[in-house]
Amino acid sequence: MRVIPMVVLSLFLCQCDSQINLPLSDPDNGGLYFPDGFEALVVADSIGRARHLAVNSNGDIYVKLSSSDSIYGGNMALRDTDGDGKANIIQKFGGVDSKRSLYGTSMALHKDYIYFSTALELYRYKLTPGKLIPDGEPEVVLTDDHPHGVHWHITKPVSFDNQGFMYVPFGTPSNACQDLDGTPNGSPGGTGLDPCPELELHGGVWRFDANKTGLTQKDGQRIATGIRSVVAMDWNTVDNHLYIVMHGRDNLHSLFPNRFTPWESAVLPSEEFLRIEEGADYGWPYCYYDQTQEQKVLAPEYGGDGQIVGSCGEMDLPIMGFPGHWAPNDLLFYEGDQFPEHYKNGAFIAFHGSTNRAPYPQSGYFVCFVPFKNGLPTGEWEVFADGFPVVDPIVNTRDAHYRPVGLAEGPDGSLYITESKKGKIWRVMFKGDKRRFGPDQLDSMEKRKSVSHIRTPDKVEDDLQRGLDSGQKAYNTFCGNCHQQDGMGAVGRFPTLAQTDWVTGDKKRLINVVLNGLQGEIEVNGEIYNGVMPAHKFLGDAEIAGILTYIRQSFGNKADSISTLEVEMVRNTSEMSN
């Protein structure tokens, strides 16, 4: 009988520790790609438009749906009772019946409570050991009591430190602090307000007592400002700092076509990875970070042209800048032991994917990893999980089959990922050799940086407008960033142009919307939207006629054309009334 040396046996047992009690993976890893040694299984499929999630110490999973209303949205609780990794109990709980239920995002566990948020409130339930669904009604932890109601960038993620404090961002109502009263719908080429009044109660992160409920913003303290929009946020327990990956501003070309090219507008400005320092100012709306120059530059609303630095040299810098419009929607510092040492205390970031990169392919739609040490990245970002879109290139946001949103760490160190289109949940596990994990195992994912939804687009070859007629090209330039090149819009953000009376109905109303913009709540095909469409009266009558004729005869629409004369008449009437 052969005797196995104890040293070899010890190494073997040590290596197998990471695989003890891990369930079988799916043969295709749920359709995703990972570094060598990682595998995945689909925990649940099609539970609804999933956003953030949290995993309890017993393995129960709690998922926030994009809406919190009790009929279409709410929260989902999932439990695996037979150990195969698949959820066989799935129950809904915690619906809220009001318009405040829009923009559901956060789902977090803290002490004995599960927290979730809507656009204007943060709630919590007390969890009972052994029970999947919490009892009773939720407590209202925090209310956004501003009179403005729901607006852009109003998500309410929540993080907790180890000193009894809770952190919540208050996003900005505008793209770059335009004068929405003087020019009610914004205006291409317009100026920003200086000083920006939004910064008094928006554009920053507030700290609250985590032990209290019934809070409003005045009960908290602003710890940092100049932050436009936050969905991805996490507390790093290693260096005791809050970190954020900020959504950068949009529409450099469509708002300032004489200063920025469509290519510049597609890749800029950066999605900024911020280490939040108390009292810091990260520059919005006066500045933005250009990751290609690795510096803050002056925003065009304040006289910038993409090169002028000005007072932006005094603003606090990000620790890293990602390409524009990738839409960072969750951030997780990994504390587990299941993954190789390379991942210990590093940052996973879920990029939901762009909506406004036209005329270039949409980008993002993957989970990246940033190795960390002593509060700073130790290298470049890496592709950790890809394959969510299925298709490549992604011309319209709707083309992507899945869009990653939420990240959570399980009690055994597994990584859980949600996506927002169908509500699929993956569990990612490491089953390779941790001792030998290194550059060779990362090589396959490094090669994925060349796919069109991750790479920097070629200015000529990746331009999707080549060969288009003038009406379609003008639509893609000035409208396609929001409404998408297929006219279907982006769920919850920008309305569809397909088979809606807003497009095929009253010509004068349609022309007026393009000339003068639109602000406030509207209903399109049964869905409520609340945002700002800027005025486009800077376009010529022929250009507007070409755009509107194109949309009235595309996307399944079969309406008659709009002439230059019809646009001219509405323009003259509008100018006379003003």
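Predicted model: local features only at pLDDT ≥ 70, side-chain atom pairs only at ≥ 80, totals over all residues.
**Figure 1. Edge-to-face pair of Tyr243 and Phe372.** The model holds 47 aromatic pairs in total. In the pair shown, the ring centres of Tyr243 and Phe372 are 5.7 Å apart and the planes stand at 80°; because planes over 60 degrees apart count as edge-to-face, this pair is classed as such. Tyr243 is buried, its relative accessible area being 0%. Phe372 is likewise buried, with a value of 10%.

**Figure 2. An aromatic cluster.** One cluster is formed by Phe34, Phe38, Tyr334, Phe339, Tyr343, Phe348, Phe369, Phe384, Phe430 and Phe437.

**Figure 3. Lysine side chains over aromatic rings.** Lys422 is placed over the face of Tyr402, 5.2 Å from the ring centre. Lys459 lies over the face of Trp263, with a distance of 4.6 Å to the ring centre.

**Figure 4. The second largest pocket.** The volume of this pocket is about 990 Å³. Its lining comprises 41 residues, of which Ala54, Val55, Ala108, Leu109 and His110 are the closest to the pocket centre. Strands E2 (50–55), E6 (107–110), E10 (159–160), E15 (230–236), E22 (328–333) and E28 (404–409) each give two or more residues to the lining. By residue class, the lining of the second largest pocket consists of 21 nonpolar, 11 polar and 9 charged residues.

Notes. Residues numbered from 1 in each chain as written. Heavy atoms only, no water. Phe/Tyr/Trp six-rings, centres within 6.5 Å; stacked < 30°, edge-to-face > 60°. Buried < 20%, exposed > 50% of the residue type's maximum accessible area, 1.4 Å probe, protein only. Lys NZ or Arg CZ within 6 Å of the ring centre and 35° of its normal. 1 Å grid on protein atoms, 1.4 Å probe; cavity = no way out; pocket = protein on both sides within 12 Å on 5 of 7 lines; lining within 4 Å. Points joined across faces, edges and corners; volume = space filled by probe spheres on them. Helix = DSSP H or I, 4+ residues; strand = E, 2+ residues; numbered from the N terminus. Nonpolar A, V, L, I, M, F, W, Y, C, P; charged D, E, K, R; others polar.
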